[in-house]
Amino acid sequence: MASIEIPSLQGQVSDAEWKVRVDLAAAYRLIAYFGWDDLIFTHLSARIPGPEHHFLLNPYNLMFEEVTASSLVKVDLHGLPVGPTAFITNPAGFTIHSAIHMARDDAQAVIHLHTPHGQAVSAHAEGLLPITQTAMLIRDEVAYHDYEGVAVDLDERERLVAHLGEKSAMLLRNHGTLAVGETVGEAFLKIYFLERACEAQILALSAGAANLNNPPQGAPEVTAQQGKMGLKMAAGALAWPALLRKAYRLDPGFAT
């Protein structure tokens, strides 16, 4: 009961698919490391290269610290597994992730979390406030989607996609956070900035809104432009390679 046997898929899938599997498994392990997991109830996905728009989701019964490249479940746009698997996926996870993968060719990776700080800010009437550099770097990319209940109704996909539009992050009202990227690394860095901004906001507001120091006029807009240019580059060339090395140091078993 201390571990679960997962047969390796390395060599049984394309090199391109295996790379995506390793990156996504690393993201699951890093989410666990940062304490952003919610038992088994949040989800990250990544699209497999190819015209079919197949994508990977986590097995519903594994903790994030147990996820490996081979355990990830490849599903089609109907939520059906592509190939044999011993695992099931989260229906709500499929609804949210399939909506975005279907609608956005640039959304190769999607990360959705339920952290306390992200949920708290998602419940704030004003949403994410431009009160820290971290918030200002990502805030212009943040969309909002009203809560409709646990996301198992496929009809919600159309509204979710409409609210996200062309943006790359979202506060799901009364629910949590979401980020998309052209790579797993880009999505991870965006969710990192969004989560840290939410955490800082809750800490700052604990002293009372009247005690906040707001940035000078124009500073949030300048910082937002810097974020648009810098986050993608930082993810691909700097942050994600470093994070991947950290995942290997924590436990190289994720890449099996």
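**Close-up 1. Lining of the largest pocket in the predicted model.** Helix H1 (15-33) contributes at least two residues to this lining, as does strand E3 (73-75). The pocket holds about 390 Å³ of space. It is lined by 22 residues, and those closest to its centre are Leu9, Ser70, Pro84, Thr85 and Ala86. Sorted by class, the lining comprises 12 nonpolar, six polar and four charged residues.

**Close-up 2. Leucine 39 in the loop between H1 and strand E1 (43-47).** Most residues other than glycine have a negative phi. Leucine 39 is not a glycine, yet its phi is positive, at about 55 degrees. Its relative accessible area is 54%, so leucine 39 counts as exposed, the cut-off being over 50%.

**Close-up 3. Histidine 53 in the loop between E1 and strand E2 (55-57).** Histidine 53, also a residue other than glycine, has a positive phi near 60 degrees. Is histidine 53 buried or exposed? Histidine 53 is buried, because its relative accessible area of 18% falls under the 20% limit.

**Close-up 4. Nonpolar surface patch of Tyr147, Val150 and Val152.** Together, these residues have about 310 Å² of accessible area. Valine 150 sits in the loop that runs between strand E5 (142-145) and helix H5 (156-164). With a relative accessibility of 59%, valine 150 is over the 50% cut-off and therefore counts as exposed.

Note on methods
Residues numbered from 1 in each chain as written. Predicted model: local features only at pLDDT ≥ 70, side-chain atom pairs only at ≥ 80, totals over all residues. Heavy atoms only, no water. Patch = residues over 30% accessible without salt bridge, like charges linked within 9 Å, V, L, I, M, F, W, Y side chains within 5 Å. Areas by Shrake-Rupley, 256 points an atom, 1.4 Å probe, with all protein chains shown as cover. Salt bridge = Lys/Arg side-chain N within 4 Å of Asp/Glu carboxyl O. Helix = DSSP H or I, 4+ residues; strand = E, 2+ residues; numbered from the N terminus. Buried < 20%, exposed > 50% of the residue type's maximum accessible area, 1.4 Å probe, protein only. 1 Å grid on protein atoms, 1.4 Å probe; cavity = no way out; pocket = protein on both sides within 12 Å on 5 of 7 lines; lining within 4 Å. Points joined across faces, edges and corners; volume = space filled by probe spheres on them. Nonpolar A, V, L, I, M, F, W, Y, C, P; charged D, E, K, R; others polar.
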